[in-house]
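Here's a short tour of a protein model, a few spots at a time. Keep the picture open while you read.

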Amino acid sequence: MMKKYLFLILIIPLIILIILALPGNKSFRFSGENILEQIGRKTHIISVHKFKQMKAGESGIHLVDLRDGNDFAQGHLPGALNLPAENLSTGDIHRFFEGTETARVLYAGETYISERYWILFTQMGIGNLYVLETGPELDSLIMQWDNDSSRRILVDEDPAFTFQPDTAFTF
Amino acid sequence: MFSIRFQVSAILVLLAGFLILLPESRQSSGELNVHGMLEAMNESGQSLSVDQVARMVVNEDTTMLLVDVRDPDAYRAVHIPGAINIPVSDILNPDWSGYLNDPEVRPVFYSNGNTLSSEAWMLCTQKGYAGSMIMQDGMNEWYREVMESTFTGDRINAAENARFEVRYRARDFFTRMNSMPDSLKTTFLEVKRKKEAELVGGCE
């Protein structure tokens, strides 16, 4: 009789451990190759103009500010939710995006930082995400938001230089 | 009361449970999972300034590999000496893993700004290629600081003097390497190394 219970005492924790060991939400849903393909489509980074157009057509769309709580408190884009990117855990991310079906538009101090989190979240399987091209100065965008309708995207990847070759070089 | 077999099994189950609950950073394939990526993204030391890269270029540092992730046309037009070209669209091609996943050499990605180089960093880090970095603010910053800046103060201190010395040498090297046809580059590098060896008292 006792042996029957001993068997159950061992088997129940084992089943629990197997469930915990399953990949669950620790692993990525999409491969790097898949993300690279999405990056190549160049539709994930949107301009301020495009965001305002989307907002006019879909009221549930929200901006997500990835900066820390202090920066957020000092000023943020209208209607933005704060998800401080530092010290995020897998659970925090799932809880934040759980049950949302409308688009979320990420922004941070610089566009490349928010794109990093776009890559991470998208790879985790969180869909309907975009990155806002905030330009070189987020603070000025926050102040000029109502008047800004920029169509600018990826400005920091444009070369800001012209190479002048040296035609008279010697060894 | 309990048999030895039961006690040993119970200890093993508890131990396995403890190990499973530890936050793992990697999957069995060597790729980083979500937890591992969050840790990597919050680590410091992911980027090098253009001055650090300039020093590396001047010294022909072989522990770092500059990787230009812009498109081939941009690379052909102008690139930092010693850089190889792997456009970000091709960064996960297994043919490049010998360069990007070499434990002896740390890749340093650069583009014109930070976007493409960060994409390359994210994809390679998640793939499990450890130790890669980006050159902060890319070629635009390289031009501003290394190619175009001049000292404007009245009196230069030792640290600034050393920084500008490196900048001027990197500027000269960059201009020469990008001005000459590929056929002359190997000969130029041989002459440069010979001259430098003579300057430091080498015996070549």
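Helix 3 itself covers residues 50-58 of chain B, and seven of its nine residues are buried. Buried means under 20% relative accessible area, exposed means over 50%, and partly exposed is in between (1.4 Å probe, protein chains only). Among the buried ones in helix 3 of chain B are Val50(B), Asp51(B) and Met56(B).

A quick word on the ground rules: this is a predicted model, where local features need pLDDT of at least 70, side-chain atom pairs count only at pLDDT 80 or more, and totals for chains, interfaces and linings use all residues. Residues are numbered from 1 along each chain as its sequence is written, chains are lettered from A and ligands numbered from 1 in the order in which they are written, and side-chain values use heavy atoms, leaving out hydrogens and water.

Now for chain A. Its secondary structure comes to seven helices and five strands (DSSP runs numbered from the N terminus: helices are H or I with at least four residues, strands E with at least two). Of its 171 residues, 40% are buried. The average pLDDT of chain A (the predictor's confidence in each residue, from 0 to 100) is 86, and 84% of the residues score at least 70.

Finally, look at Asp68(A), in the loop between strand 2 (62-65) and helix 4 (69-74) of chain A. Asp68(A) counts as partly exposed because its relative accessibility is 36%.
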